[in-house]
Amino acid sequence: TDDLDYEFGDIFIENDTLGVLTLANLSSPELDISISGDYDIITVVKDIEWQINKRMPALFESDTSYFPTQYFDYEISIKDIGFLSELGIFDFDISNGGNIKGTFNPGNDVSNLQFYADSLRISDLKFIYPEVYLDINDRDIFAEVITDGLSLYTNEIALNNSELLISAKEDSVEIAIDWRENDKKNGSAAIGIKVNSMPEYLIDFKQLGFIFLEKNWNLSENSQVMIDSNQIGFSGFKLSSEDENIRFNGTISEEKNDSLNFEMNNFNLDIFNRFLYSYDFEISGISNGNFGWIEQNDTLKLESDLKIDSVVINDYYFGDISAYGKKSDNDKAYDIRIKLINESLDRLMIEGQLYTDRKRKEKIKLAVNFSNFDLGFLNSLNIKGISKVAGIADGLVNISGDYKNPVIEGKLAIDKGGITVDMIGSHMTFSNQIDFKKD
């Protein structure tokens, strides 16, 4: 059809035989190809599968009666392959040409390929000065990829000839990434990944540094992540930025006794504001403490002991918050304690239990103690329909029952209370006691 018309130009093919060798040359405006050797193009794919299977038998079912005999040297000079995109075959192009050359001799475990180009584009991803080296030998399948930079859409990243190395063996695949530091927008990394045939993944971070949300982050040397079908584990995993850091240590698996600990030291919560911005929400505060995932004899326990200093939500200063949680000795409930401290006084205290027994009707048993607590914090939450909330609350409120139908009992005294209801456009003030009673 007219949509698929493409003018290839003149194509010239030469063929010559010299002893057991066959020489072939193809010349066209798109490609120049030369092959020299004893080759059988029809069986090339089968021979590639045979050689890969020899190194990694799990990938293909081997044919023990077959043995490849062909061998040849080849070189392909790429001039213009825009026809792939124009004909709708593949959204792929190599600008300013490229070159591929190598040897194919699977029977003697000698096959390799070298590729380089000024730029290579796959859809919207573009590699600058890419180089590829592939070698299939009697030890492994080795691949090396080097690129000076890449761009996605209009974003460009300089990579300073960063490298990706892959070594595939019979029982494992080892991957090394050398991301070389370039400019202030990006970082650098030296990462090793080992994949065993289980599959089992061992990610060894020899060095990792990057910039995220205008902060320089570095991962501690020799941090490790271990993943397989039964577990995920962290060893020495510490991510730091100046004086703040977060750590992971431990394992979660099918074993009956495992633990994973997450620790924060001077971690600033403002890192989440980039994601909260769309919700018209902003937060800051310095967090310290830990969160633990503990499995003991098929029983899961989540434990926390956190403190967040100088909490600010949407420009409203709350104070310091501490949160403690631990599963009770009988494993039937979580004991929790949350405290808000402002000007060295306990303004809000929440204590009680959250029950985990599905058969138990009562899921909540909390005591909420208000002490000179400023209700103005509600203004920072941007609650639709109300504004200019004011008042100081004192009292004790108990919450019980379940999450869908909680029972609230207690007394709350409010002094100098006020609220504007936007629907009626008026501001109401009050100072009285609110009694919460069970129906």
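Predicted model: local features only at pLDDT ≥ 70, side-chain atom pairs only at ≥ 80, totals over all residues.
User: What is the bridge partner of I336 in β23?

Analyst: Two strands pair if DSSP finds at least two bridges between them. β22 and strand β23 (residues 345-355) are antiparallel, with 10 bridges. Within β23, the partner of I336 is G352.

User: Which residue takes a positive phi in the hairpin of β22 and β23?

Analyst: Strands (E, at least two residues) and helices (H or I, at least four) are DSSP runs, numbered from the N terminus. This hairpin has 2 residues between its strands. The positive phi, near 55°, belongs to E343.

User: Which element of the protein chain has the highest mean pLDDT?

Analyst: pLDDT is the predictor's confidence in each residue, from 0 to 100. The protein chain averages 84, and 92% of the residues score at least 70. The lowest element mean is 74, in strand β12 (residues 188-196). The highest is 94, in strand β8 (residues 131-136).

User: Is N112 buried or exposed?

Analyst: N112 sits in strand β6 (residues 110-122). Beyond four places in sequence, N112 touches Y74, K101, G102, T103, Y133, L134 and D135; contact means heavy atoms within 4.5 Å. Buried means under 20% relative accessible area, exposed over 50%, partly exposed in between (1.4 Å probe, protein chains only). The relative accessibility of N112 is 19%, so N112 counts as buried.

User: How far apart in space are D63 and W50, C-alpha to C-alpha?

Analyst: D63 lies in the loop between α1 (44-55) and β4 (71-78). D63 is partly exposed, at 35% relative accessible area. Leaving aside neighbours within four places in sequence, D63 contacts K46 and W50. D63 and W50 are 13 residues apart in sequence, and in space 7.8 Å.

User: What relative accessible area does F8 have?

Analyst: F8 is placed in the segment before β1 (12-18). The residue counts as partly exposed because its relative accessible area is 33%.

How values were computed: Residues numbered from 1 in each chain as written. Heavy atoms only, no water.
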